[in-house]
Amino acid sequence: TTSPEDARARRPADAGVAAFSGKWTLERIDGDFEALLIDAGASWPLRRLAQSMNYGIGKATQDIQQDGDSFVILNEAGPKVTTMKVM
């Protein structure tokens with residue numbers, strides 16, 4: 001028989017960590033996105049533009065690269081592209 005300690009010692013370091021790597025596309029928005037934009041300080045023209053583009057549903061993407069607990073996230077939403085690093 002093996003003890004829990006033996007099993008943990010043989011397990012890969014990242015076992016049990018969710019895998020998020022890949023390209024993700026926005027499929028739906030739950031809640032009041034207009035209120036979120038207002039709270040974020042988005043101007044009226046910017047909010048109208050976002051609304052006319054259905055808030056990016058089916059268009060906005062995140063390309064996530066995960067290395068253990070570290071992430072690099074490339075956000076593409078309309079003309080704006082941003083990169084976030086979480087270490």
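Guide: Leu-74 is placed in strand β3, which covers residues 70-77. Helices (H or I, at least four residues) and strands (E, at least two) are DSSP runs, numbered from the N terminus. This is a predicted model, in which local features need pLDDT of at least 70 and side-chain atom pairs count only at pLDDT 80 or more, while totals for chains, interfaces and linings use all residues. Residues are numbered from 1 along each chain as its sequence is written, and side-chain values use heavy atoms, with hydrogens and water left out.

Visitor: Is Leu-74 buried or exposed, or partly exposed?

Guide: The general idea rests on relative accessible area: buried means under 20%, exposed over 50%, and partly exposed in between (1.4 Å probe, protein chains only). Leu-74 has a relative accessible area of 28%, so Leu-74 is partly exposed.

Visitor: Which residues does Leu-74 touch, not counting residues up to four places away in sequence?

Guide: Contact means heavy atoms within 4.5 Å. With that exclusion, Leu-74 touches Thr-61, Gln-62, Asp-63, Val-81, Thr-82 and Thr-83. A separation between C-alpha atoms is another kind of value: for Leu-74 and Lys-23, 51 residues apart along the chain, it is 9.2 Å.

Visitor: With which side chain does the side chain of Asn-75 make a polar contact?

Guide: A polar contact is a pair of N or O atoms within 3.5 Å; within protein, one must be able to donate a hydrogen and the other to accept it, and residues adjacent in sequence count only if both atoms are side-chain atoms. Asn-75 also lies in strand β3, and its side chain makes such a contact with the side chain of Gln-62, at 2.6 Å. Asn-75 is buried, because its relative accessible area is 18%. Leaving aside neighbours within four places in sequence, Asn-75 is in contact with Thr-61, Gln-62, Lys-80, Val-81, Thr-82 and Met-84.

Visitor: How many aromatic pairs are there?

Guide: Rings of Phe, Tyr and Trp (its six-membered ring) pair if their centres lie within 6.5 Å; planes under 30 degrees apart count as stacked, over 60 as edge-to-face and the rest as tilted. By this rule there are two aromatic pairs. Phe-20 and Phe-71 form a tilted pair, 6.1 Å centre to centre with 55° between the planes. This pair links distant parts of the chain, 51 residues apart: Phe-20 is in the loop between α1 (4-10) and β1 (22-25), and Phe-71 is in strand β3. Phe-20 is partly exposed at 41% relative accessible area, whereas Phe-71 counts as buried at 18%. The rings of Phe-33 and Tyr-55 have centres 5.0 Å apart and planes at 65°, so that pair is edge-to-face. It too links distant parts of the chain, 22 residues apart, with Phe-33 in helix α2 (residues 33-39) and Tyr-55 in the loop between α3 (44-52) and β2 (61-67).

Visitor: Which side chains make polar contacts with the side chain of Glu-34?

Guide: Glu-34 is found in helix α2. Its side chain makes a polar contact of 2.9 Å with the side chain of Arg-47, and one of 3.1 Å with the side chain of Arg-48. Glu-34 counts as buried because its relative accessibility is 19%. Not counting residues up to four places away in sequence, Glu-34 touches Arg-47, Arg-48 and Tyr-55.
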